[in-house]
Structures are given as structure tokens and as C-alpha cells.
Amino acid sequence: MKILVTDGMDKKALQQLKDMGHEVIEQFYEPDELGKALHDVDVVVVRSKTKVRAKQIDEALGGRLKLIIRGGVGVDNIDVGYAADNGILVRNTPLASSQSVAELALGHMLSCARFISHAGYTMRNGQWEKKAYGKGIELCGRTLGIIGYGRIGAALGRMAKAIGMDVIAYGVHHEPGTLARDGVPYVSMDELLERSDFISVHAPAAEDTIINAQSIAKMKDGVVIINTSRGANLDEAALLEALESGKVRAAGLDVYAKEPPENNPLINHPRVSCTPHIGAQTGEAQARIGQEIVGIIASIQQ
Ligand code: NAD
């Protein structure tokens, strides 16, 4: 098969695809050029940069394209329903990056507790802000509320328990098996908001924001909010206001309403720990994503 890889892929997996006899082309296409390129390939492998919308699918129709693979979890950069209606399969690699994203969320929690991110920035500017960043808190003994106790949420829950946090969870689907295994009580959204010292969001992109002025109003004063899920889940203006008022102690963000963010005051806020959507960007996750992609391609050949 002819396989187009637009946003990069693990080197070992690329070689495996070639060893399987496939022609592999590594090239990024701008949206206007992508549809034409898709017309001539059997499979396209994308991460998050390439958007495969109805327009590109229309341009590819009548050609060879039969499979779109998203190396990662969220498929919000692909018009999945439209592809399916046109007989094009869409697959993702949901298992590969859970631990990496969960570890980044934990990193942001620690960063928010001790202002690690901004304290480092001020030191690089020649400052010694011992007093300003001297009011740290510990994670041990505090309550972490996880919104969306799926693959990533559960991975975070297990690590948080290991460092002595009390963990509670809410999600639209009650997953009694996982929650019981991890010893994590399932609570209502309101109870989670009211009880948690740290709140971390791990739900797919919701139609309405999950963290907004209404939900923040129900939270404890001094709460820490972490979002490594999707920018659509958080009202950035409401978070900024709550940081300014002191209602929210700090926030850790890996995802944004607009990526890359443009003139987003949250990025420069001294109590925001931010990363540029790197949740799945570890060697381990990328290697696992590569292996899942090889597996998907091998399975459709049979
Ligand atoms: P998952 O499907 O395993 O779990 C999602 C959980 O969210 C489920 O338990 C579900 O019940 C719950 N849920 C769904 N809608 C909800 C809602 N509106 N409110 C509350 N809970 C809701 O997914 P996952 O693999 O754990 O991924 C979680 C999120 O992480 C997704 O948004 C995904 O796009 C994102 N993600 C981000 C990165 C990154 O680089 N930052 C990488 C991978 C995944």
C-alpha cells in the first residue's frame, strides 16, 4: 500500500512499514494541497497538526484512500462521520499515550503547588523571588477530583493515590470496575467541585465547557485546576478572572481554545504552568503509537 505520513512517526515503526513492503511517504501538506495528495494514497497517518475535513475527503473521493489513522487519542481534527459515510475507515491509537499524559498532568499539579514553572522563569531573568514563590502546598493529604475517569484519568488517579492524595472521580459513564480496582469513590459533579483541592479534567472535548464560571463558583477557594484534555473543555476568560480574584490558586494547562494560542493572557500569568500540547510527546508514547499504527495497517491487509 501507499502510506502517507503527514505529521511524523516513530522511526522504528516507519521502518517496519517499509519492511512489510509498503511505500511510505513522509510529507506535510497544507490544507489546500492535502485532498489531492490523499487521492493517490491508500492510508494517511496524521497526528494533530493535519486536519482532514470534509473538503479534503471530497477531493480524495474516487481515489485510493481507504484508511485514516490518527496517531493519538482525540479525533477532533478529522471529520470522522463524513469519512465513514464515504466508506473511509478512521482509526486512532487510544491506549498508547495514557501514562505520558497522566504524568504531565501530575507534573503540572506539582508545578502549581510550588510555582516551579514561573519560579524557574524568574530566576532565568536574574530574580530571586523566594518570598513570592515561598507559599507552597503539598499534594499529600489533599483531595484530587478527576473529571473523566477513563484511561488517562485512571492513570493519574493511581499515581496520585501513591503519593498520598485522596482521589474522587466523576464522569458521564460510571465505570464501577476501574473505580473499585483503584479504590476511587465515584461522586456527583457538584460533590467533586465542592470537595477537591485539585481538579484535573480528562474528558473528551465537550460541546459545552466543563470548567466555566458556574463550575468554578462551586469550587473551594484556592483550588488548582489542570487541563490536559482539550481546550474546548475550559472557559479561558472565566479561569483568568478566577485566577485574578484568587478563587483559583493556580492552573496547569497543556491545551488551549486556540492552538497555538494568540494573545492569550493565561500564558503570561504568573500562576499558570503551561506547556504547548505535549501530553503524548514522550519517546515511550510515540513508540507505542508507532506499534499500534503498524498493527492497524497489518490488520486491514488481512
Ligand atoms: P477515555 O475515553 O479513556 O476517557 C474519557 C472519560 O471521560 C470517560 O471516563 C468518560 O466517561 C468521561 N467523559 C466523557 N464526557 C464527559 C463529560 N462531558 N464530562 C465528564 N466526563 C466525561 O479518554 P482518554 O484516553 O483518557 O483521554 C482523555 C482526554 O485526554 C481526551 O480529551 C483526549 O483528547 C485527551 N488527550 C490529550 C492529550 C494531550 O496531548 N494533552 C493526549 C491524549 C489524549
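Colleague: Take a salt bridge as a side-chain nitrogen of Lys or Arg within 4 Å of a carboxyl oxygen of Asp or Glu. How many does a search of the whole structure find?

Modeller: The search finds 13. Keep in mind that this is a predicted model.

Colleague: Which residue does R53 meet in a salt bridge?

Modeller: D79. The N to O distance between the two side chains is 3.1 Å. The pair links distant parts of the chain, 26 residues apart. R53 sits in the loop between β3 and α3 (54-60). D79 sits in the loop between β4 and α4 (80-85).

Colleague: Why can such side chains pair?

Modeller: Because side chains of opposite charge can pair when their charged atoms come close.

Colleague: On to domains. How is the protein chain divided?

Modeller: Into domain 1 (2-96 + 282-301) and domain 2 (98-274). Their centres, taken over C-alpha atoms, are 32 Å apart.

Colleague: How many residues of each domain are in contact with the other?

Modeller: 9 residues of domain 1 touch 5 residues of domain 2. The buried area between the domains is about 550 Å². Carbon and sulfur atoms give 41% of that.

Colleague: Which three residues supply 50% of the area that domain 1 buries?

Modeller: D76, P94 and L95, more than any other three residues.

Colleague: What about polar links across that interface?

Modeller: There are 3 residue pairs in polar contact, both partners at pLDDT 80 or more. The salt bridge count between the domains is 1.

Colleague: And D76, which side chain does that one meet in a salt bridge?

Modeller: R230, at 2.9 Å from N to O.

Colleague: Sheets next. What is the strand order in the 5-strand one?

Modeller: β2-β1-β3-β4-β5. It is an open sheet with parallel pairing.

Colleague: Which strands stand at the edges?

Modeller: β2 (23-26) and β5 (89-92). Each has a single partner strand, so one side of each lacks a neighbour in the sheet. The twist averages 20° from one strand to the next.

Colleague: What packs on that sheet?

Modeller: Helix α1 (residues 11-19) does, touching β1 (2-5) and β2. Its direction makes about 145° with that of β2.

Colleague: How many bridges join β6 to β7?

Modeller: 5, with β6 covering residues 143-147 and the two strands running parallel. G145 stands opposite I168 in β7.

Colleague: Backbone check. Is the peptide bond from E259 to P260 cis or trans?

Modeller: Cis, with omega near -5°. P260 is in the loop between β10 (248-253) and β11 (272-274).

Colleague: And N263, is its phi positive or negative?

Modeller: Positive, about 45°, although N263 is not a glycine. N263 also belongs to the loop between β10 and β11.

How values were computed
Residues numbered from 1 in each chain as written. Predicted model: local features only at pLDDT ≥ 70, side-chain atom pairs only at ≥ 80, totals over all residues. Heavy atoms only, no water. Pairing = 2+ DSSP bridges. Helix = DSSP H or I, 4+ residues; strand = E, 2+ residues; numbered from the N terminus. Axes fitted to C-alpha atoms, helices over the stretch in contact; angles between N-to-C directions. Contact = heavy atoms within 4.5 Å. Domains from an automatic or database assignment. Buried area = accessible area lost by both parts, 1.4 Å probe. Polar contact = N/O pair within 3.5 Å; in protein donor to acceptor, adjacent residues only side chain to side chain.
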